[in-house]
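My notes follow as numbered points.

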Protein chains: 2
Amino acid sequence: VTGTLYGVGVGPGDPELMTVKAWRLISTAKTIAYLAANGGESTARSIAKHFIADDASEIIIDMPMRVERQPAQTAYDDGAARISARLERGEDIVMLCEGDPFFYGSFIHIYERLSSKYKVNVVPGVTSVNAAATETGSPLATRDGVIKILPATLGEDRLRDELMTCESVAIIKVGRHFEKIRKLLATLDLLPFATAIELATHAEQRIRAVSKINEPTMPYFTTILVNTNRRPT
Amino acid sequence: VTGTLYGVGVGPGDPELMTVKAWRLISTAKTIAYLAANGGESTARSIAKHFIADDASEIIIDMPMRVERQPAQTAYDDGAARISARLERGEDIVMLCEGDPFFYGSFIHIYERLSSKYKVNVVPGVTSVNAAATETGSPLATRDGVIKILPATLGEDRLRDELMTCESVAIIKVGRHFEKIRKLLATLDLLPFATAIELATHAEQRIRAVSKINEPTMPYFTTILVNTNRRPT
């Protein structure tokens, strides 16, 4: 009998915002897996670290963060092969995922490689977008309001079209795209309604009006919420 | 000193999908509050019931579910007044909210009435949209995919415009709007990509291809996921 792979969302950053199910699976796991970008610390692991058993075995998938896709694809292939080898031996594996595994998660690339061959259980988590709204004290939407999630990597034309027709937008993965986003929001007269949240619910969380930010880039884990129902700053 | 109001997301349905923070606040609460629609059972309370202390005091806000807004506004006014009276006496109150409080939550109406006068802490939760994606085994989005959340109460023109330009859409609060949505998806050739999830992660959960559903209405807590990246049914 082969093992089961669990893709477990650990939530946005505050360890207490992990679900009870995630906590149970992580704290009883014999083997955990996670991505580490460019050989650095894994964000998902750092969120879950207090719950991981001291004698748990760890599968680290080292992920080169580059614009080109090939090095990442190779890393996913390699990571999936290592997880697969353990599943074949009947071991269960808990893979840690920031936020929610099926909401822009790297876990999706592992899932695509393994879900047709093995039993894979996914545990949803609190997303950074929901956490960012809570931390700014502004609801994402109510009644018949529309919400859009727009990756900052999109081209300007698509971003403009979507921003022009929406009351509530979350622009995610802002990082080095900040300057492009700030200019676009200014052009559309949306700057007074835009708030940037870096690392929502992490110890390093920072919240600022986008109009007050001068640096050209921001951390990758930055979300900009644009909500025209909110009182302008 | 006045008390603190906690708006706590209990997640989509499975009690284990509540956050550790929600579980801690609910299990230690001396007073809880929640909405009950038309005098029926509260969904949020039924999710949290195993964690509520036997001697906890309960504030029930009875909510008439009608198309007209005035009865609901009166119920929110009344509920906010009752919560306010307890906060004035220095009591802390934990208000239970389905999913995430700031994601279309009724809690927003209480928050708007009380947040300028009292300390209000909001605890985000796993949304029914994230849970629905997990349960169908199809990621919401990856890389630079756009996600839109569209309430089924929107007019047909707006729904059509948003559906035509998006790879991943969650249509929420489907209920009595099902027939309108089904026809629109058929017109746009999106039926093969549409899945309906009733009561995600509840014991009564049901998942079906929209093309295979014949009844004219569905439960209020139904989400339709439309994802053109998915293999058609």
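**Notes on the cavities**

1. The count comes to 3 cavities of 30 Å³ or more. A cavity is a set of points, on a 1 Å grid over the protein atoms alone, where a 1.4 Å probe fits but cannot get out. A volume is the space filled by probe spheres set on the points, with grid points joined across faces, edges and corners.

2. This is a predicted model: local features need pLDDT of at least 70, side-chain atom pairs count only at pLDDT 80 or more, and totals for chains, interfaces and linings use all residues. Residues are numbered from 1 along each chain as its sequence is written, chains are lettered from A in the order in which they are written, and side-chain values use heavy atoms, without hydrogens and water.

3. The largest cavity has a volume of about 90 Å³. It is lined by 14 residues (those with an atom within 4 Å of a point), and the closest to its centre are A:Phe103, A:Asn130, A:Ile149, B:Phe103 and B:Asn130. By class, this lining has 10 nonpolar, 4 polar and no charged residues; Ala, Val, Leu, Ile, Met, Phe, Trp, Tyr, Cys and Pro count as nonpolar, Asp, Glu, Lys and Arg as charged, and the others, Gly among them, as polar.

4. The second largest cavity holds about 40 Å³ of space. Among the residues lining it are A:Ala133, A:Pro139, A:Leu225 and A:Arg230. Its lining divides into 6 nonpolar, 3 polar and 1 charged.

Technical notes
1 Å grid on protein atoms, 1.4 Å probe; cavity = no way out; pocket = protein on both sides within 12 Å on 5 of 7 lines; lining within 4 Å.
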